[in-house]
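Student: I am meeting this structure for the first time. Please take me through it one question at a time.

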Amino acid sequence: MAVGRRVVVLDYGSGNLRSAERALARAGADVTVTADFDAALDAEGLVVPGVGAFAACMEGLKAVRGDQIVGRRLAGGRPVLGICVGMQILFEKGVEHGVHTEGCGEWPGTVERLDAPVLPHMGWNTVTVPEGSVLFRGLDADTRFYFVHSYGVREWRLEAGDGFTPPLVTWSEHGVPFVAAVENGPLMATQFHPEKSGDAGAVLLSNWLSTL
């Protein structure tokens, strides 16, 4: 357990802030919920939550210069964890109801509506984890996590190149396969809610804290 690690949950008007705060505190972190620019930059770990529409989340993020915070932290190799729409806004763009919104652009790809008979995708689901994952270390292959979303990344577009190690991508399926988590050096993210995923989510958050 990474006891006492200083973590900021970024408050930009979207997300289950208190749920994330409580879950991280239970995992041993010293948690602050704030929109303060310097505090978010200086923390050992930054969590970017998010619920609702992609466009609204991006608007709120930019209002507190959250996109700049994420970019500066990653430029310095400082850890960031995105959750739910907080993961989606890390991609190039989101398309909802015909509206195209530019994301943070940390990864190529488009967040789009899932092609499924029932939406939202709400409830517990399994994930397919790649070998070498840190986030899912110690969890069984049939472990379930809690999802609430209608949109996701259905195609991963960042592949290996010369001298480049590709991120570890975890998948799940609801109607179609979609990206459930990404581990990319200091930048990690989950489409599901670890703070609502019981013991499994607690293990995942502890694993992330151990990387700080």
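Student: Where is Cys84 placed?
Tutor: Let's first settle what the element names mean: helices (H or I, at least four residues) and strands (E, at least two) are DSSP runs, numbered from the N terminus. With those names, the place of Cys84 is the loop between E4 and helix H5 (85–88).

Student: And what kind of model am I looking at?
Tutor: Residues are numbered from 1 along each chain as its sequence is written, and side-chain values use heavy atoms, with hydrogens and water left out. Local features need pLDDT of at least 70, side-chain atom pairs count only at pLDDT 80 or more, and totals for chains, interfaces and linings use all residues, as this is a predicted model.

Student: Is Cys84 buried or exposed?
Tutor: Buried means under 20% relative accessible area, exposed over 50%, and partly exposed in between (1.4 Å probe, protein chains only). Cys84 has a relative accessibility of 3%, so the residue counts as buried.

Student: What is the phi of Cys84?
Tutor: Cys84 is not a glycine. Even so, its phi is positive, at about 55°.

Student: His97 has a positive phi too; is His97 buried or exposed?
Tutor: His97 is not a glycine, and its positive phi is about 55°. This residue is found in the loop between strand E5 (91–96) and E6. Its relative accessible area is 74%, so His97 is exposed.

Student: Which two residues does a cis peptide bond join?
Tutor: One of the two lies in the loop between strand E7 (107–113) and E8. With omega at about 5°, the cis bond joins Leu119 and Pro120.

Student: Why do the buried residues of H4 line one face of the helix?
Tutor: In helix H4 (residues 66–75), the buried residues are Gly66, Ile69, Val70, Arg73 and Leu74. The arc is that of the directions from the helix axis to the C-beta atoms. Seen down the axis of H4, these residues line one face because they fall within an arc of 120°.

Student: Which elements do those buried residues of H4 pack against?
Tutor: Packing here rests on contact, meaning heavy atoms within 4.5 Å. The buried residues of H4 pack against strand E1 (6–10), helix H2 (37–42), strand E3 (45–48), helix H3 (54–63), strand E4 (80–83) and strand E13 (187–190).

Student: Which exposed residues does the face of H3 turned away from its buried side carry?
Tutor: Start with the buried ones in H3: Phe54, Cys57, Met58, Gly60 and Leu61. They cover an arc of only 165° around the axis, which puts them on the same side of H3. The face turned away from that buried side carries Glu59 and Ala63.

Student: Which residues does Thr101 touch?
Tutor: Thr101 belongs to strand E6 (residues 99–102), and at 17% relative accessibility it counts as buried. Leaving out residues up to four places away in sequence, Thr101 touches Phe54, Ala55, Met58, Glu92, Lys93 and Gly94.

**Aromatic rings**

Student: How many aromatic pairs does a search of the whole structure find?
Tutor: Rings of Phe, Tyr and Trp (its six-membered ring) pair if their centres lie within 6.5 Å; planes under 30 degrees apart count as stacked, over 60 as edge-to-face and the rest as tilted. By that rule, the number of pairs in the whole structure is nine.

Student: What type of pair do Trp124 and Tyr146 form?
Tutor: Their ring centres are 5.5 Å apart and their planes stand at 70°, so the pair is edge-to-face. Trp124 in strand E8 (residues 121–126) and Tyr146 in strand E9 (residues 144–149) are 22 residues apart, so to speak of this link is to speak of distant parts of the chain. To name the type again, it is edge-to-face.

Student: How many residues apart are Phe147 and Phe192?
Tutor: These two form an edge-to-face pair, 5.5 Å centre to centre with 75° between the planes. Both are buried. Phe147 is in strand E9 and Phe192 in the loop between E13 and helix H6 (198–209), and their separation is 45 residues.

**The whole chain**

Student: How many helices and strands are there in the protein chain?
Tutor: Buried residues make up 50% of the 212 residues in this chain. Its elements come to six helices and 13 strands.
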